[in-house]
Every structure is written in structure tokens, then in C-alpha cells.
Amino acid sequence: MYITSREIIPLPGRLQDTIAIGTQMVGHMNQKYGSAMATSTELGGNPNKLWITGFWSSLSDYQSFVESYMSDQELVGTYNMFSSFVSEVQDQIGQVIRQPGERKAFAQMHRGRIKSTHFQEGLELIMKLADHISSVSGTEAGLIAPVTGDQYGIIFVNYADSLQELRGMVEDWSTDEEYQNMFVQGSEFFQDSFDVTYARFVG
């Protein structure tokens, strides 16, 4: 399975327009093409940003979707209007190497980077870590590896009904002895780079 994400930076003062039209477009595409996309905004990060994400069984499915909506004149017209609100757009593609749990109202993404000299060992450890934190938190942690962009990055994905629940997961991991031991072991395989983003789904 694959995931695509489009990072959208609106022009100053046009965030609400971007969210409204972006959510409308995504709803139309999901209904017409059977896609499973969603819109979200960041919390605790850049407030002037909209994300559009989607899951795909294969890259062929994603390619077919892109070709279909690019030839849809109604969508092309809406997209042209949408583009007038936008300052910057960037796309990313990732491969889902561990399926996350059911999507809920909020998400957290933990981004790290495996050392190129220890990539396979780091990937094996991160899979074990994802299994363990899923057991501790009671919800499945997803793992995303990049298809485009930095090939040594890795992203944990967790869903929850509230920000407090997301934070509670991290607090539970942090006090777990086995997690702490794995984290220490990981210092051999991972760079000192770790970024956390919270998101709220808006459509």
C-alpha cells in the first residue's frame, strides 16, 4: 500500500478559502473515483498549511486516479480556482510498511532518519518498536517509508480521538522499560533528528 500527501501553503489570509475548496474537491473525488483521501491542518506547527493525503493499493491505482481527475473538466476548473489561493505546493509519495489503525479525528507523525550505513538494521529495529508501542498504546502504529524525497527517512503514524490521547500514548511509551531499551539501542542506527507533527482532520 502507498500513501500520497500534498502539502499546501495558502497565500496570506486565504487559509479558510483553501480549506473550504480543498475539502470540497476531495469529497467530490472520493465520491466520483472511489479514492480515500482526506484534508487536515497542522496543530503546533505551521497554522497556515493544508495537507491532502490519500491511501492507494498500488502506484498504478494512483496513476490511474491522477490521469482521470486531470481529464475531468469540472475538477480542472475547480483546481484552477483553488490554485489562485495557494502560494506553494509540494507532493510526497510513501510506502506503507506497517498499516496504521483506523483513522480518527487527530493524527501524530513522528519523523526520524536511519543512518545510511545501518539502514537494514535500523529498519528491523523500527518494525519491532512499532509492534511494541502498538501493544503498549492499544492502537496500531503505522510506518511509512519514502518513495520520493529522502530515502532514509521513516515516519510513525498514530491516530486518536483527541490531542490528549495522542500525548498520553507518548507518555506511556516513555515510561515503558522495553521501549527505553530499544530507544537506546536505536542510537546506533538513527541520526539525532526527530520531529513530531500533530494534525486535525477537517474533511
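A: Let us begin with a pocket: about 350 Å³ of space lies in the second largest pocket, where a volume is the space filled by probe spheres set on grid points that are joined across faces, edges and corners. This is a predicted model, in which local features need pLDDT of at least 70 and side-chain atom pairs count only at pLDDT 80 or more, while totals for chains, interfaces and linings use all residues. Residues are numbered from 1 along each chain as its sequence is written, and side-chain values use heavy atoms, with hydrogens and water left out.

Q: What counts as a pocket, and which residues lie nearest the centre of the second largest pocket?

A: On a 1 Å grid over the protein atoms alone, a pocket is an open set of points where a 1.4 Å probe fits, with protein on both sides within 12 Å along at least five of seven lines, and lining residues have an atom within 4 Å of a point. Here 20 residues line the second largest pocket, and Ile 126, Leu 129, Phe 183, Phe 190 and Phe 194 lie nearest its centre. By type, the lining divides into 12 nonpolar, 6 polar and 2 charged residues; Ala, Val, Leu, Ile, Met, Phe, Trp, Tyr, Cys and Pro count as nonpolar, Asp, Glu, Lys and Arg as charged, and the others, Gly among them, as polar.

Q: Which element gives the most to the lining of the second largest pocket?

A: Helices (H or I, at least four residues) and strands (E, at least two) are DSSP runs, numbered from the N terminus. Strand 8 gives the most to this lining, with 5 residues, and strand 5, helix 4 (119–137), strand 7 and helix 6 (177–186) are among the elements that each supply at least two.

Q: How many bridges join strand 5 to strand 8?

A: Two strands pair if DSSP finds at least two bridges between them. Strand 5 and strand 8 pair in the antiparallel sense over 8 bridges, and Phe 106 has Arg 200 in strand 8 as its bridge partner. Strand 5 also pairs with strand 7, again antiparallel and over 8 bridges, with Gly 112 standing opposite Ile 154 in strand 7. Strand 5 is mostly covered, since 7 of its 9 residues are buried.

Q: Which strand forms a hairpin with strand 3?

A: Strand 2 does, with 6 residues between the two strands, and Gly 44 in the turn has a positive phi of about 80°. Strand 2 and strand 3 pair in the antiparallel sense over 5 bridges, and Leu 50 in strand 3 is the bridge partner of Thr 41.

Terms used:
Buried < 20%, exposed > 50% of the residue type's maximum accessible area, 1.4 Å probe, protein only.
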